[in-house]
Amino acid sequence: MDRSTTVEPRDPMPEGYRRTLVRQIAQHAHSEIIGMQPEGEWISRAPSLRRKAILMAKVQDEAGHGLYLYAAAETLGMPRTELLDALHTGRQKYSSIFNYPTLTWADVGAIGWLVDGAAIVNQVPLCRCSYGPYARAMVRICKEESFHQRQGFEILHTLAQGTPEQHAMAQDAVDRFWWPSLMMFGPPDADSPNSARSMAWGIKRFTNDELRQRFVDIAVPQAEALGLTLPDPELRWDEERGHWHFGTPDFTELAEVVAGRGPCNAQRVAHRVRAHDDGAWVREAAAAYATKHATKHAA
Ligand code: ACO
């Protein structure tokens, strides 16, 4: 594929390319929307008004990311109602990471630092994805994710410099979120059925293992700066490779969570379906208002 131009919605494209994009973009959009829940649970319990305002803005950003991505998927001929139905009935996936509970305030910091940090590593290359609408959506999303990552780092930094109890809370959050964050990059390359084709099509630019390694290389010095330990006894600098060596994530756990058997899968989807049903009147009112306006303009 010619890497200098992008594929646009009205360009001819192989059906497999279109299907792969719909799969990945939809999964990505669903992740943003479901991803509002673990942190949203902490808005009312944030430790100060400043933290509350920041967290509200962040969760709202995630909703916006979901909307850009659903709009990108719609350019491929997929109606949003169909995408939402696929999420609600479990036919389409969303990222495994959002099926873990947020037990303490420090988890909001760990999500910002590690989860959004991993998302950035995964998504910056997608700004050069071969499909134009997806690549363009990614540019703005990545900028906002950078803020999110820094606010998480700052929460953990404050806690890590605080009382021994606050430091312990930050460490506990990192202990629980480290391995699931590494799993966000997907199965190892040898077990990734989609990677080779997605790379050939320029949808993915790097493999799952390449990005996982990049993330570890970035996170290790940041953990040192925070004064927190990463829960991996195998972690050591590999002089020869010029990378940090790290242990193997539990990919059986990843498979279980992806199959719907993670700690919070049922709760996340049930909450999402409830919110969708409760919002039916808003959609109906917005549609009625749009019809009324269209008639007025036509008259
Ligand atoms: N969580 C849930 N499902 C996953 C995960 C994960 N962490 N990793 C892989 N999978 C799924 C894949 O979607 C694929 O399922 P499918 O073929 O039934 O659709 C299957 O496991 C096999 O994996 P791969 O062949 O490696 O799949 P793929 O090439 O799509 O790579 C990846 C997976 C890296 C997640 C890719 O889809 C991607 O880069 N997506 C865009 C980024 C994204 O979705 N981020 C969401 C979280 S970030 C955030 O929202 C803050």
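Visitor: Why does tryptophan 201 count as buried?

Guide: This is a predicted model, where local features need pLDDT of at least 70, side-chain atom pairs count only at pLDDT 80 or more, and totals for chains, interfaces and linings use all residues. Residues are numbered from 1 along each chain as its sequence is written, and side-chain values use heavy atoms, with hydrogens and water left out. Buried means under 20% relative accessible area, exposed over 50%, partly exposed in between (1.4 Å probe, protein chains only). Tryptophan 201 has 17% relative accessibility, so the residue counts as buried.

Visitor: What makes tyrosine 17 buried?

Guide: Its relative accessible area is 2%, so tyrosine 17 is buried.

Visitor: How many aromatic pairs does a search of the whole structure find?

Guide: Six. Rings of Phe, Tyr and Trp (its six-membered ring) pair if their centres lie within 6.5 Å; planes under 30 degrees apart count as stacked, over 60 as edge-to-face and the rest as tilted.

Visitor: Why is the pair of tyrosine 17 and tryptophan 201 called edge-to-face?

Guide: The planes stand at 90 degrees, and the centres are 5.7 Å apart.

Visitor: What makes tryptophan 237 partly exposed?

Guide: The relative accessible area of tryptophan 237 is 40%, so the residue is partly exposed.

Visitor: How do you know that arginine 45 lies over the face of tryptophan 42?

Guide: A charge sits over a ring if NZ of Lys or CZ of Arg is within 6 Å of the ring centre and within 35 degrees of the ring normal. Arginine 45 is at 3.9 Å from the ring centre of tryptophan 42.
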